[in-house]
Amino acid sequence: MAGLLALIAARAFAFGGGGFAASSRPVPGTPVEMLIQDGVGDADVRAVAEGVRASHDFMRLALGRTVRGPVKARMAREDTCPGGDGDRSLIGEGGAGWLCVDTRNVEWRLLVRNHRDEAMAIPAHEYVHVLQAQLGCLPTGDDRDFRWIVEGMAGHIGWEALIWSDRASDAAARRAIRHDGAHDPSNEPLRHYERSGGRTPQYAEWHLAIRTLLDEAVAAGAAPRERPEAALIRFCERVGAGSGWRGAFMRSFGMPVFEFYARYAAAERGR
Ligand SMILES: [Zn+2]
C-alpha cells in the first residue's frame with residue numbers, strides 16, 4: 001500500500017468560487033462546511049465528518065485552540081483536490097480555511113472499507129493544517145521549512161484526537177506508523193526532511209519522530225506530561241509570532257534540534 005501514493009500535502013491554495021460542483025452540508029459543532037461532489041458515498045461523508053469533528057473538539061477542549069471559520073471541506077470525486085495532478089495519487093490536503101479529501105484515491109477507498117480509523121485520521125490530519133495556517137506555522141511554496149514537524153504534528157494531533165474521542169486506539173496509531181513504513185531503510189535522516197517532502201513511509205516516520213520528540217520534551221520538563229501536544233501548539237505560536245523555527249524548537253521542546261536528531265537517530269539504531 002505504501003508505495004502507491006503521495007499521502008498528504010500541505011499546500012497553499014486559494015479556492016475560488018467556481019469549478020467544484022458539490023452539494024453542501026455542515027459538520028455540526030464545527031465551523032466546517034462539507035462540499036460533497038456527486039457520487040461520494042455515505043461512508044466517505046461520515047469518515048470525513050467524524051475526523052474533522054474529532055480534530056476540532058480535541059483542539060478546542062484538550063488544547064484550548066479553536067479553529068475559526070469558515071472552513072470548506074471539499075470531498076472530491078469528479079474533480080481532484082486542488083494540488084492533485086489528475087492521477088488521483090494525492091489523498092488529501094489542507095491549508096488556510098480549507099481542506100480536501102479525494103474520495104477516488106485508491107488508498108482512501110481501501111481505508112474507508114477496511115480501516116475506518118485510518119480513514120478518519122486523514123481529514124483529522126488535514127484539519128490540523130487549518131489550525132497551523134491560523135497560528136502561522138504552515139509555510140508554503142518555496143518557504144517550506146521544518147516540513148517533518150508540520151506533517152508529523154498534523155499526523156500526531158489527528159490521531160490523538162481520534163484516540164481522545166474513543167474513535168481509535170493508541171495501538172492502532174502505532175500499527176499504522178509501523179505498517180506505513182516508519183522504519184523503512186530507505187528513509188533519510190530526519191534533517192533531510194526539513195525541506196524535502198515525502199510519501200507514505202516518510203509521513204509515518206515523521207509521525208513517529210513527533211511522538212519521540214514529545215516523550216523527550218516531557219522528560220526534559222519542557223512539555224506537560226498530561227497533554228504534551230501543548231508544546232507543539234506553543235512551537236507553532238512562536239513561529240507564527242516571528243521566531244526562527246530553530247529557536248522556537250529549543251524553547252518549546254527543551255533541546256536544540258540537532259540534539260534531538262542525534263537522540264532520535266540513536267533510538268532508531270537501537271531498535
Ligand atoms: Zn499534511
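Where does P70 sit in this chain? The place of P70 is the loop between helix 1 (42–62) and strand 4 (71–76). A quick word on those labels. Helices (H or I, at least four residues) and strands (E, at least two) are DSSP runs, numbered from the N terminus.

Before going on, the ground rules. This is a predicted model: local features need pLDDT of at least 70, side-chain atom pairs count only at pLDDT 80 or more, and totals for chains, interfaces and linings use all residues. Residues are numbered from 1 along each chain as its sequence is written.

Back to P70. A cis peptide bond joins G69 to P70, with omega about -5°. Keep the general rule in mind: most residues other than glycine have a negative phi, and most peptide bonds are trans.

Now for positive phi values. F146 has a phi of about 40°, and F146 is not a glycine. Look for F146 in the loop between helix 3 and helix 4 (147–164). Is F146 buried or exposed? F146 is buried, because 21 other C-beta atoms lie within 10 Å. The cut-offs run like this: 20 or more other C-beta atoms within 10 Å of its own make a residue buried, 12 or fewer make it exposed, and anything in between is partly exposed, with C-beta atoms placed from the backbone.

D166 is another residue other than glycine with a positive phi, near 60°. D166 lies in the loop between helix 4 and helix 5 (170–179). D166 counts as exposed, because it has 8 C-beta neighbours inside 10 Å.

On to helix 3. Helix 3 covers residues 116–135, which is 20 residues. From first C-alpha to last, helix 3 reaches 29 Å, close to the 28 Å expected at 1.5 Å a residue. That expected span is 1.5 Å times one less than the number of residues. Helix 3 is mostly covered, with 17 of its 20 residues buried. Just after helix 3 comes G136, with a positive phi of about 95°.

What does helix 3 pack against? Helix 1 and helix 3 pack at an angle of about 50°, with their axes 7 Å apart. That makes helix 1 oblique to helix 3. Here are the angle classes: under 35 degrees is roughly parallel, over 145 roughly antiparallel, 65 to 115 roughly perpendicular, and the rest oblique. Axes are lines fitted to C-alpha atoms, for helices over the stretch in contact, and angles run from 0 to 180 degrees between N-to-C directions.

Helix 1 passes helix 3 in a right-handed crossing. For handedness, a crossing is left-handed if the near helix is turned anticlockwise from the far one by less than a right angle, and right-handed if clockwise. On the helix 1 side, the contact includes A47, V48 and G51; on the helix 3 side, it includes A119, P123 and Y127. Contact means that the C-beta atoms of two residues, placed from the backbone, lie within 7 Å. The residues of this contact divide into 14 nonpolar, three polar and two charged. Nonpolar covers Ala, Val, Leu, Ile, Met, Phe, Trp, Tyr, Cys and Pro; charged covers Asp, Glu, Lys and Arg; the others, Gly among them, are polar.

Next pair: helix 6 (residues 200–219) and helix 9. They pack at about 115°, with axes 11 Å apart. Helix 6 and helix 9 are therefore roughly perpendicular to each other. Their crossing is right-handed. A209, T212, L213 and E216 in helix 6 meet F260, R263, Y264 and A267 in helix 9. Those residues divide into five nonpolar, one polar and two charged.

Stay on helix 9, residues 257–269, for Y261. Y261 counts as partly exposed, because it has 15 C-beta neighbours inside 10 Å. Leaving aside neighbours within four places in sequence, which residues does Y261 contact? They are P189, L190 and R191.

Last pair: helix 7 and helix 8 (residues 245–253). Their packing angle is about 150°, and their axes are 9 Å apart. Helix 7 and helix 8 are therefore roughly antiparallel to each other. This crossing is right-handed. Among the residues that meet are F235 in helix 7 and F249 in helix 8.

One more loop residue: A222, between helix 6 and helix 7 (230–240). A222 is partly exposed, with 18 other C-beta atoms within 10 Å. Not counting residues up to four places away in sequence, A222 touches A217, A231, S252, F253 and G254.
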